[in-house]
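Me: I'd like to learn how to read a structure with ligands in it. Could you walk me through one?

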Amino acid sequence: MNKKSIRDTDLAGKRVFCRVDFNVPMQDGVITDDTRIRAAVPTIRFLRDAGAKVILASHFGRPKGQVVEEMRLTPVAQHLSGLLGTEVKKLNDSVGPEVEAAVAGMQNGDVILLENVRFHAGEEKNDPELAKSFAQLADLFVNDAFGAAHRAHASTAGIADYIPAVAGLLMEKEIRFLGGALSRPERPFTAIVGGAKVKDKIAVIENLLTKVDHLIIGGGMANTFLKAQGYGIGASLCEDDKLDLARTLMEQAKERGVQLLMPVDVVVADRFAADADKQTVSIDAIPEGWMALDIGPKTVELYRKVIVDSKTVVWNGPMGVFEMDAFASGTIGVAKAMEACQGTTIIGGGDSVAAVEKAGVAEHMTHISTGGGASLEFMEGKELPGVAVLQDNE
Ligand SMILES: Nc1ncnc2c1ncn2[C@@H]1O[C@H](COP(=O)(O)OP(=O)(O)OP(=O)(O)O)[C@@H](O)[C@H]1O
Ligand SMILES: O=C(O)[C@H](O)COP(=O)(O)O
Ligand SMILES: [Mg+2]
């Protein structure tokens, strides 16, 4: 990566605005997977050891520009304090007088965590005023939020218009690894796309079709494709305005000779709940009003064969609602297939990483990336906005 990093920068006594991705899976205020927090620790330690004042900033969830009590970063600050072995002071906002006073009182080596930056509508709009307010808190911008580097937001990109910007150690590591593995991947090359961010990620598929030999679709993403083929999908999660795009992508896969794999059976539930009534059905038999919450066993078998024979596999997005044990089998089955694959296996994304941890196969993956959507967009070969703004290494 030809970008400056904190290793090339004078940090002593500097106030550093360090953007991290602490958008971790959480249930009822309890962090269920801390991979993204642990991944940022080397950068935070490096900054502290060099005598910087570390101002951490992150988004959490999608609060849409408003304060949402359940989306405060308080549990994250507590957890990070434990990992660092030092108090991380959590503030109640990310800009304003309280924040300015707290920063003014910092000693070298102190760490504070700002409140969820997405409580301000200007964050996702990349509002210059908000970006300037962030920049005024610090002398240097360090971007270590690889997981959010595909977003051109005030705290990931806009801030770099006002203060020097360099990469953190996680950002560097992710780009070095993914760049190396994906520039000339060993073939067969398989991508697996699932999860719930269908609107965001379906757009990436067109580009993926120019790179991969096999594309496996599962999770919430599969329903839009199934409906586009004319199957009734009941009350399943679906993006109705992407049906035409799904049809076009299926055509393009055929033209390019890419094998597109779709579920042949699914686990359906009568409601979105852990104790819902459920049954496994063929995809042409989804009952009216029921929802597909996992891929079925026949589908797992089909996907497994392709995965184990691949030389490179990249996976983002769980195959089902794995947080509920009743709908975790498909995701665990695909995770086990990844474990059995002898090639390079890369898994990325906040929830996807939690899923391979739950399946107990995390240590068998070649690389665990903190980026989900970010890794997919990185694979497309574009420079991510949060990387583009960093200073080049002369
Ligand atoms: N069939 C389905 N219906 C509804 N939700 C689903 C279905 N399959 C998977 N999901 C949900 O998808 C969510 C994860 O999707 P997401 O796209 O956020 O993946 P990710 O790995 O976290 O990537 P990113 O880092 O980009 O967020 C999980 O919470 C899971 O319950
Ligand atoms: O989970 C992620 O992929 C990142 O934290 C980005 O979150 P977003 O999709 O809400 O921008
Ligand atoms: Mg997610």
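This is a predicted model: local features need pLDDT of at least 70, side-chain atom pairs count only at pLDDT 80 or more; totals for chains, interfaces and linings use all residues.

Me: Which domains does the domain assignment give?

Reply: Domain bounds come from an automatic or database domain assignment. Here the assignment gives domain 1 (6–170) and domain 2 (177–379). Their centres, taken over C-alpha atoms, are 31 Å apart. The contact between them takes 15 residues from domain 1 and 12 residues from domain 2, where contact means C-beta atoms, placed from the backbone, within 7 Å. On the domain 1 side, helix H1 (residues 35–49) gives the largest share, 3 residues. Helices (H or I, at least four residues) and strands (E, at least two) are DSSP runs, numbered from the N terminus. That side of domain 1 divides into 7 nonpolar, 5 polar and 3 charged residues. Ala, Val, Leu, Ile, Met, Phe, Trp, Tyr, Cys and Pro count as nonpolar, Asp, Glu, Lys and Arg as charged, and the others, Gly among them, as polar.

Me: Which residues of the largest nonpolar core touch the most other members?

Reply: A nonpolar core is a set of buried Ala, Val, Leu, Ile, Met, Phe, Trp, Tyr and Cys residues joined through C-beta atoms within 7 Å. Buried means 20 or more other C-beta atoms within 10 Å of a residue's own, exposed means 12 or fewer, and partly exposed is in between, with C-beta atoms placed from the backbone. The largest core has 124 residues, of which Val16, Phe17, Ile55, Leu56 and Met338 touch the most other members. This core draws at least three residues from each of domain 1 (6–170) and domain 2 (177–379). Leaving aside neighbours within four places in sequence, the contacts of Phe17 include Ile55, Phe134 and Ile159.

Me: Why does ligand 2 lie between the domains?

Reply: A residue is near a molecule if its C-beta atom, placed from the backbone, lies within 6 Å of it. Both domains give residues to the shell around ligand 2, so ligand 2 lies between them. Among the shell residues are Asp21, Arg62, Lys197 and Gly373. The shell divides into 1 nonpolar, 6 polar and 4 charged residues.

Me: Which residues come nearest to ligand 1?

Reply: Of the 22 residues around ligand 1, Gly195, Gly349, Asp351, Ser352 and Gly372 come nearest. Helix H8 (219–228), strand E14 (291–295) and H12 each give two or more residues to this shell, and H12 has the largest share, with 3 residues. The shell holds 6 nonpolar, 13 polar and 3 charged residues.

Me: Which residues does UniProt list for "binding site"?

Reply: The unreviewed UniProt entry lists Lys201, Glu323, Gly349, Gly350, Asp351 and Ser352. Lys201 is found in helix H7 (residues 198–208) and is buried, with 22 other C-beta atoms within 10 Å. Asp351 lies in helix H12 (residues 350–358) and is buried too, with 24. UniProt positions are given in the numbering used here, feature names are shortened, and annotations may be inferred rather than shown by experiment.

Me: Is helix H8 mostly covered or mostly exposed?

Reply: H8 is mostly covered, with 9 of its 10 residues buried. Those buried residues pack against strand E9 (189–193), H7, strand E10 (214–217), helix H9 (243–256) and E14.

Note on methods: Residues are numbered from 1 along each chain as its sequence is written. Chains are lettered from A and ligands numbered from 1 in the order in which they are written. Two residues are in contact if their C-beta atoms, placed from the backbone, lie within 7 Å.
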